[in-house]
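My notes follow in the order in which I checked things.

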Amino acid sequence: MMKPSQTISRAELYRLVWAEPLTRLAERFGVSDVGLRKICQRHDIPLPPQGYRQRAQAGRAQPPAPLPRAGEQEMIDLPALAVASEFATDLMDRVYGPLIEAESRPDRRIEAPPHVDPKHPIAKRILKALKAAVPDMYGAVVYDGPEPFRVRVPPSSISRAARLIDALAQACDARGLEIRTRDGPKGQSGIMIAGEAECLALEEASQRKVHWSTDAEKARTRRLGYSTAPMYDFVPSGVMTVQISTATYRDGVRSLWKDGKTRRVEDCLNEVMAGLYRSSHSAAIKQRKSELRQQRADEENARRELLREERLAALEQLEELEAQTDAWSRARRLRAFIAAYDVANRGADGHLAQDASAWIDQALRHADRIDPLTPTPVSALDYAEADLRPISVWQIPDD
């Protein structure tokens, strides 16, 4: 994989994009195929048209489009995306790359022939459900059941949608991909690719046109005094779209194909399959990044917990130190007062009265008890209050 600071000449990039598939080249450079396509467009590098590889494999290769400003020695930076990690590259090389590349082979082409009844059980179930559905206010019927294919089309396109689903479902079976049907309200459905569930949505949007009132509606308006006719009519647009609904917000993954002026979605089904693989690859990278973030968060939280415990221990030590310092200071003040009391209570001959001597002894024991640096025997002040309360006769056990 190329480094973020590495550059490539415009002429060399032009040669490479015509020599090998854009997706494979993008993986080699460590960028998404969408990102590489934008880089080429920004630097005026022509790209191979759709079907260029297939025609070349069939022996009908066409010459590359000429490179504008071919003599200019322009250097291009190819920044690596954050997702282009060793994990992503290794996963693409081992699992997804061969699957994506196989979709460009002529023998793997997915066909959805017209006027052919669906054969796959999933397509048959969806077809039956769509035929039984009631059109909504926009004139479309909807299937949003347990199968991993969501459909919203006008009644006139039900058969076409079913044929597309039939072709995709049979292609999944041929590739050994499990199509998991949701078995409950919270069950998971999807086309299972390396543990990731991918779902597809087929839709043909309706076009809105101003409604022109019929003679009957005009007569009804005159009779009632107000109009009950709709403001708009909704008619089929004739543009079918196939979307990987689980890939909508995944970076660098194409998720939508639709009818164009020269190509219909029936011609893009292999690209849809390749898109499913890329979406699964992107989901695996996202999951890996999530696991790494969680791991880093756990490590950081463990480090912070140790710091918190260390801080609490230091605070407890400081509080104990301050308490002992206060006690030591109090003991020193008491001893100073006791010494002054001794001096004040001695007679002219230096004799100390017995009661004063007893008081001084008791006071010194109190000072020693307070002083944390002087070990002393238990004092009467150390007795617990609970051991001094009167007890009831009923608390005395029998002999």
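I went to A194 and found it in the loop between β6 (190-193) and β7 (196-198), where helices (H or I, at least four residues) and strands (E, at least two) are DSSP runs, numbered from the N terminus. I noted that phi of A194 is near 50°, a positive value in a residue other than glycine. A194 counts as exposed because its relative accessible area is 56%, given that buried means under 20% relative accessible area, exposed over 50% and partly exposed in between (1.4 Å probe, protein chains only).

Before going on, I wrote down that this is a predicted model, in which local features need pLDDT of at least 70 and side-chain atom pairs count only at pLDDT 80 or more, while totals for chains, interfaces and linings use all residues. Residues are numbered from 1 along each chain as its sequence is written, and side-chain values use heavy atoms, with hydrogens and water left out.

I then looked up H115, which sits in the loop between α5 (86-102) and α6 (121-132). H115 also has a positive phi, near 60°, in a residue other than glycine, and its relative accessibility of 78% makes H115 exposed.

Next I checked S9, which belongs to strand β1 (residues 7-9). S9 is buried, at a relative accessible area of 18%. Not counting residues up to four places away in sequence, S9 touches E74 and M75, a contact being heavy atoms within 4.5 Å.

Which residues of the largest nonpolar core touch the most other members? I found that they are F149 and L200, in a core of 47 residues. Helix α7 (residues 158-174) gives the largest share of this core, 10 residues. Such a core is a set of buried Ala, Val, Leu, Ile, Met, Phe, Trp, Tyr and Cys residues joined through side-chain atoms within 4.5 Å. Leaving aside neighbours within four places in sequence, F149 has contacts that include I122, I165, I191 and L202. I also noted a second, separate core of 20 residues, with I8, F29, I39 and L67 among them.

Last, I turned to the whole protein, which has 10 helices and 10 strands. Its C-alpha trace spans about 130 × 80 × 55 Å along the principal axes. I recorded that buried residues make up 33% of the 399 residues. Among contacts between residues at least 6 apart in sequence, 65% join residues at least 24 apart.
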